[in-house]
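Subject: Model handover

Hello,

The model we discussed is below, with sequence. My notes on it follow; please read them alongside the coordinates.

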Amino acid sequence: MLHIDNVSMSFSLPDGSCVEALKNISLEIKKGELISILGPSGCGKTTLLNIIAGFLAPTSGQLTFNNKTISGPSAERGMVFQKGALFEWMNVRNNISFGPRMQGRPSSQTDQQVEELLQLVGLQGFAEKAVYALSGGMQQRVALARCLANDPDVILMDEPLGALDALTREKMQALILKLWQETGKTIILITHSVEEALLLGERLIVMAPRPGHIHQSYELPFAGQAVNQDLREIKKQPDYRDKYEAILSMIWDMEEDIMGTSQP
Ligand SMILES: Nc1ncnc2c1ncn2[C@@H]1O[C@H](COP(=O)(O)OP(=O)(O)O)[C@@H](O)[C@H]1O
Ligand SMILES: [Mg+2]
């Protein structure tokens with residue numbers, strides 16, 4: 001469904017120098033896949049997601065989605081940001097139905113859809129609430145519902161749980177797995193949490209910096225196991241613990257390298 005072919009991205013800085021944010025990224029993503037992308041800060045994760053979303057054009061390389069070249073943003077590729085980027089002046093209902101209303105759908109149709117989406121994200125009865133009255137976790141549920149309202153083929157998430165406390169985060173991890181199972185959507189989730197990357201990726205891609213590139217890729221059983229197993233139980237498995245330790249050391253070493261080379 002998504003082909004990323006030899007994509008590189010450099011940014012020119014005001015002083016005339018250049019940052020190579022991504023170099024030669026190639027990736028194939030199939031419909032319905034759940035992909036997590038993990039890497040230290042600055043390795044180009046957000047840049048890659050922005051390129052897939054069509055917010056940025058790569059310096060070189062090609063991207064196609066459903067056999068069409070990506071040349072800008074589109075409703076088929078929905079984004080959920082770290083902080084919901086919700087419209088603070090609208091209630092929950094109007095936030096969720098924003099996309100469909102912009103497409104000209106009457107509120108008689110969107111009201112029904114809002115109810116279904118609120119049910120799906122566990123926020124029944126919250127349609128009339130102001131978004132500023134909701135907790136961070138609830139706001140991210142609204143952001144997910146708003147994204148789903150546009151019926152995208154792929155959902156792009158840039159550290160969507162990064163600003164949440166540990167307990168809320170765990171509940172949201174379970175929600176993302178549930179949405180993936182129940183909607184069959186393709187999901188690409190960026191995180192710098194090893195735990196999240198292991199749980200929320202059938203395929204986990206580890207990126208490394210300078211310039212940003214794909215360092216390792218893993219096929220993982222954990223997201224699939226979560227269909228009928230508690231997340232806490234999955235995290236206790238020796239296989240999970242081993243991968244957790246190995247990947248954590250890998251990221252740790254990368255961060256040490258970054259810190260080391262920036263010393264005078
Ligand atoms: N608009 C921009 N202008 C200049 N440099 C940028 C810009 N966006 C990102 N970068 C640089 O590109 C690199 C990758 O950034 P980013 O994709 O945000 O990484 P990550 O999301 O993995 O932390 C960093 O060195 C960052 O400073
Ligand atoms: Mg980022």
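Strand β7, helix α6 (residues 166-183) and strand β8 form a right-handed β-α-β unit. Helices (H or I, at least four residues) and strands (E, at least two) are DSSP runs, numbered from the N terminus. Right-handed is used in this sense: with the strands pointing away from the viewer, the path from the first strand over the helix to the second runs clockwise.

This is a predicted model, in which local features need pLDDT of at least 70 and side-chain atom pairs count only at pLDDT 80 or more, while totals for chains, interfaces and linings use all residues. Residues are numbered from 1 along each chain as its sequence is written, and chains are lettered from A and ligands numbered from 1 in the order in which they are written.

Back to β8. Strands β7 (residues 154-158) and β8 run parallel and are joined by five bridges; two strands pair if DSSP finds at least two bridges between them. Ile155 has Ile187 of β8 as its bridge partner. Strand β3 (residues 34-38) is also parallel to β8, again with five bridges, and Ile35 stands opposite Ile188.

β8 (residues 186-191) is mostly covered, with six of its six residues buried.

The largest nonpolar core has 67 residues, and Ala145 and Ile188 touch the most other members. Such a core is a set of buried Ala, Val, Leu, Ile, Met, Phe, Trp, Tyr and Cys residues joined through C-beta atoms within 7 Å. Helix α5 (residues 136-149) is the main contributor to this core, giving the most, seven residues. Domain 1 and domain 2 both give residues to the core, so it lies between them. Leaving out residues up to four places away in sequence, Ile188 touches Ile29, Ile35, Ile37, Leu49, Ile52, Val154 and Leu156; contact here means C-beta atoms, placed from the backbone, within 7 Å.

The domains are domain 1 (1-76 + 152-235) and domain 2 (86-149), with bounds from an automatic or database domain assignment. Their C-alpha centres lie 24 Å apart. Domain 1 puts 14 residues into the contact and domain 2 eleven residues. On the domain 1 side, α6 supplies the largest share, seven residues.

There is also an open sheet of four strands, in the order β2-β1-β4-β5, with antiparallel pairing. β2 (18-29) and β5 (68-69) are at the edges with a single partner strand each, so one side of each has no neighbour in the sheet. β1 (residues 2-12) runs antiparallel to β2, with eight bridges, and Met9 has Leu22 of β2 as its partner.

For the whole protein, the secondary structure comes to ten helices and ten strands. The radius of gyration, taken over C-alpha atoms, is 19 Å, close to the 18 Å of the globule rule (2.2 Å times the number of residues to the power 0.38) for 264 residues, so the protein is as compact as a globular protein of that length. Of the 264 residues, 37% count as buried.

Regards

How values were computed: Buried ≥ 20, exposed ≤ 12 C-beta atoms within 10 Å, placed from the backbone. Contact = placed C-beta atoms within 7 Å.
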